[in-house]
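Shall we walk through a protein model together? Have the sequence and the coordinates open, and we will take one topic at a time.

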Amino acid sequence: MKPGRASPASVSVTNTTSILSSAPAVDPFQDYLVRSFDPVFEELGLRWLPWVGRGFVGSDSRTIVLGESIYVYESKTERAETKARIERRESLRNRHLAIGIKGNGNNIYVRNFERAVFMPGSPKLADRARLWSQVVYHNLVPALLEKRAHRPTVHDFTKGWREFLKLAEATGAARCVVYGTDWAKVQALLALLSPGQLLHKKRVPLISRSRPSAISIQLGDRRLDMLFIGHPSNHFSWKKWGAFMRDQGMTLAPQSLNDQLKAIYRENEALFKRVEDA
């Protein structure tokens, strides 16, 4: 081989490396999340970008699942790094992809809520993916709490509800499940409503140690039905809350094609039998 000329093998490796390095990165969210509302979220100045499932826009129920807050959850030795990671605008989406869609870790509030939705038992990964791909998930409090023991203030709730009302109207939401039944949280929302905007308000008898509320409000030309349930943390009875959500018509479990066909058969079983006997 003449000096200065690269061997065919080295040229091949170089070309392959160049092609790989220039290939577009695969978006880990592409099968589960849409970004079509991101320009609106930018205009609203949201601190964290909400999770918007890929099937949300095409869903008849257009449901938002509204968590409460996020705090710096690692030990002091990792505090600065963790805080910086949480502060990133897509951190909520990253956590939800890992915890909700992929089922990583044993995050109790996500697992408990999924159990309440899919009663009975624990849902499979495919069930989780279908659920979180059809809803919006966001946190109400637009501030990072320093400790788990810290509670949001009325000011935090008020600021969060102002953002939420804009978010719900912009996305065309029809329903919302809210984590937490704290009456101060509910009052902060009611205080922001204009005369005539509140369509319905009902406080429901205690479930476990929490008293849920059902509220309906007018947002633009749409009605938004909101259900405040117990926060799905340590003392959350997913059987009781799952039954309550069903009683209130707040069903979220998306059916697989097989389940849909079974439901159609059950509803029309008598007709199918007549056809079979004919």
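Below are some questions and answers on this predicted model.

Q: How many helices and strands are there in the protein, and what percentage of the residues is buried?
A: Let's begin with the overall picture: the protein has eleven helices and nine strands. Its accessible surface comes to about 15,500 Å², and 53% of that belongs to carbon and sulfur atoms. Of the 278 residues, the buried ones make up 42%.

Q: Among contacts with a separation of 6 or more, what percentage is between residues 24 or more positions apart?
A: Contact here means heavy atoms within 4.5 Å. Among the contacts in the protein with a separation of 6 or more, residues 24 or more positions apart account for 67%.

Q: Is the pair of F113 and W132 stacked, tilted or edge-to-face?
A: A pair of aromatic rings is described by the distance of the centres and the angle of the planes. Planes under 30 degrees apart count as stacked and those over 60 as edge-to-face. The centres of F113 and W132 are 5.9 Å apart and the planes are at 35 degrees, so the pair is tilted.

Q: Which residues do ring pairs link into a cluster with W132?
A: W132 also pairs with Y137, edge-to-face, at 6.0 Å centre to centre and 90 degrees between the planes. Both W132 and Y137 are buried. Along with W132, the cluster linked by ring pairs holds Y109, F113, Y137 and Y179.

Q: Which residues of strand 4 point one way, and which the other way?
A: Five of the five residues of strand 4 (residues 135-139) are buried, so this strand is largely enclosed by the rest of the structure. In a regular strand the side chains alternate between the two faces of the sheet. Here V136 and H138 point one way, and the other way point V135, Y137 and N139.

Q: Which residue of strand 4 is the bridge partner of V65?
A: Strand 2 runs parallel to strand 4, and five bridges pair them. Strand 1 pairs with strand 4 in the antiparallel sense over two bridges, with W51 opposite Y137. The bridge partner of V65 in strand 4 is Y137.

Q: Which residue of strand 9 is the bridge partner of C176?
A: Strand 6 (residues 175-179) and strand 9 (residues 222-229) are parallel and pair over five bridges. Strand 8 joins strand 9 by seven bridges in the antiparallel sense, and I215 stands opposite M226 there. The bridge partner of C176 in strand 9 is M226.

Q: Which residue in the turn between strand 8 and strand 9 has a positive phi?
A: The two strands form a hairpin, with two residues between them. In that turn, a positive phi of about 65 degrees belongs to G220.

Q: Is R62 buried or exposed?
A: R62 sits in the loop between strand 1 (51-52) and strand 2 (63-67). Although not a glycine, R62 has a positive phi of about 35 degrees. The cut-off for buried is under 20% relative accessible area. With a relative accessible area of 16%, R62 is buried.

Q: What is the relative accessibility of S208?
A: S208 is another residue other than glycine with a positive phi, near 55 degrees. The loop that holds S208 runs between strand 7 (198-203) and strand 8 (213-219). S208 counts as partly exposed, its relative accessibility being 36%.

Q: How far apart are the end C-alpha atoms of helix 7?
A: Helix 7 (residues 154-171) has 18 residues, and at 1.5 Å a residue it should span 26 Å. Its buried residues include F157, W161 and F164, and just after the helix G172 takes a positive phi of about 70 degrees.

Q: What distance separates the C-alpha atoms of A184 and F157?
A: A184 is found in helix 8 (residues 183-190) and is partly exposed, with a relative accessible area of 28%. A184 and F157 are 27 residues apart along the chain, and their C-alpha atoms are separated by 8.3 Å.

Methods
Residues numbered from 1 in each chain as written. Predicted model: local features only at pLDDT ≥ 70, side-chain atom pairs only at ≥ 80, totals over all residues. Heavy atoms only, no water. Phe/Tyr/Trp six-rings, centres within 6.5 Å; stacked < 30°, edge-to-face > 60°. Buried < 20%, exposed > 50% of the residue type's maximum accessible area, 1.4 Å probe, protein only. Helix = DSSP H or I, 4+ residues; strand = E, 2+ residues; numbered from the N terminus. Pairing = 2+ DSSP bridges. Expected span 1.5 Å × (residues − 1). Areas by Shrake-Rupley, 256 points an atom, 1.4 Å probe, with all protein chains shown as cover.
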